[in-house]
Amino acid sequence: MSEFIGYENREGILLSSSNLLKATGSYLEAGGITMDDFLRQLYQDRTSDLHTLGVMMVESKDHNDAITDYFDVVLLVIVSENKPMWETKHYTYNGDKVAMHLVHTEQLNSWLINSSNRRVFDWVMNGKVLFDRNEFVKDFREQMFDFPLEERKLRIGVEFAKLIRRFTDGKALFNTGHELDAYNQILHALHHLARLSVIEHGFYPEVTVWQQVKQIEPEIHKLYSELVTGEEPIGKKLELLLIANEFELTSKTRLGSSHLLDLMASKSEPWSIEELKTSLEVSEYSLDLTILLEFLVRKGYIDVVRVQTKGNGIYHRYYEVGKTFS
């Protein structure tokens, strides 16, 4: 008999092999249940739950496939119920490893907006659809292909804020002689610049983002290649790349700040930093908001408005779109 370890029903009760097989009737006397039967048992009871919107399967190409975290199969279950935003279960059957991820739609969108879990992009776009309630998965994929303008502007804003953070940190480290730490920051800055470029051209950044950039903006790919494979001393490479990065930042500033500037232009009164943080509603955007604002103030895109407090000579610092750009 084939080995079966660990199956939970929707109530979280662990069933033994014998009880499971009696309950499902899927045991085949000639050799046990098949892998397809096993996978079906994992997700089938969830398809009857109205909160389950879709189920997708991703199979590893080999045992060293990082897309599946070295598991043989990944099941992605998209849900809309108020449970943990992301729940993971691991199973094993007949020597194969299976991971099941139950992901809330809000968490899924957050990962895609922040580029913080790019494997999910691959799972959603390339996974085999096992269940699709009211064509949710089909519509979601079409939306990703279309990449609506407003979502694109938001994602560009997130990447631009991260780019500013990494670039300024890298420049400061380089100027104080910490070349290896500066190298790490500039490398990350180039990754954000690459993703920004891909999004600008209407595509979602994939795991192989540099292959995308090579086709879209070879100049940015060349910067990355020079940093990683160039033979010059690290200090010389960083010096040249900081100059090139400065130019790229200047050329992308209008594009990268458009989401924030549009938000700020939506009301006539100046904004406090807390109002902006609350309105952005994207935590990874808000983390780098202060340095982004200061960068845009220095570039003249945003003006500072002083508002008197009760303290003598003490002012609140508010922000509004610069007169040149309003």
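Visitor: What makes Arg165, Asp169 and Asp288 a network?

Guide: Arg165, Asp169 and Asp288 are linked by salt bridges. A salt bridge here is a side-chain nitrogen of Lys or Arg within 4 Å of a carboxyl oxygen of Asp or Glu. A search of the whole structure turns up 17 salt bridges. Keep in mind that this is a predicted model, where local features need pLDDT of at least 70, side-chain atom pairs count only at pLDDT 80 or more, and totals for chains, interfaces and linings use all residues. Residues are numbered from 1 along each chain as its sequence is written, and side-chain values use heavy atoms, with hydrogens and water left out.

Visitor: How do you know that lysine 252 and glutamate 200 meet in a salt bridge?

Guide: Check the N to O distance: it is 2.7 Å for the side chains of lysine 252 and glutamate 200, and the cut-off is within 4 Å. Lysine 252 lies in helix 10 (residues 234–264) and glutamate 200 in helix 7 (residues 179–200), so the pair ties together parts that are 52 residues apart in sequence. Helices (H or I, at least four residues) and strands (E, at least two) are DSSP runs, numbered from the N terminus.

Visitor: Why is lysine 252 called buried?

Guide: Its relative accessible area is 5%, and buried means under 20%, exposed over 50%, partly exposed in between (1.4 Å probe, protein chains only). Glutamate 200 has 31%, so it counts as partly exposed.

Visitor: How many residues apart are glutamate 142 and lysine 138 in helix 5?

Guide: They sit 4 residues apart, about one turn of the helix, and helix 5 covers residues 136–146.

Visitor: Why are helix 6 and helix 7 called roughly antiparallel?

Guide: The axes of helix 6 (residues 149–175) and helix 7 cross at roughly 160° and come within 8 Å. Axes are lines fitted to C-alpha atoms, for helices over the stretch in contact, with angles from 0 to 180 degrees between N-to-C directions. Angles under 35 degrees count as roughly parallel, over 145 as roughly antiparallel, 65 to 115 as roughly perpendicular and the rest as oblique. Helix 6 and helix 7 are therefore roughly antiparallel. The residues of their contact divide into 12 nonpolar, 4 polar and 10 charged. Ala, Val, Leu, Ile, Met, Phe, Trp, Tyr, Cys and Pro count as nonpolar, Asp, Glu, Lys and Arg as charged, and the others, Gly among them, as polar.

Visitor: Is helix 3 roughly parallel or roughly antiparallel to helix 5?

Guide: Helix 3 (residues 105–114) and helix 5 pack at an angle of about 20°, with their axes 13 Å apart. That makes helix 3 roughly parallel to helix 5. The contact (heavy atoms within 4.5 Å) is made by Thr105, Leu108, Asn109 and Leu112 of helix 3 and Phe136, Phe140 and Met144 of helix 5. By class, that contact has 5 nonpolar, 2 polar and no charged residues.
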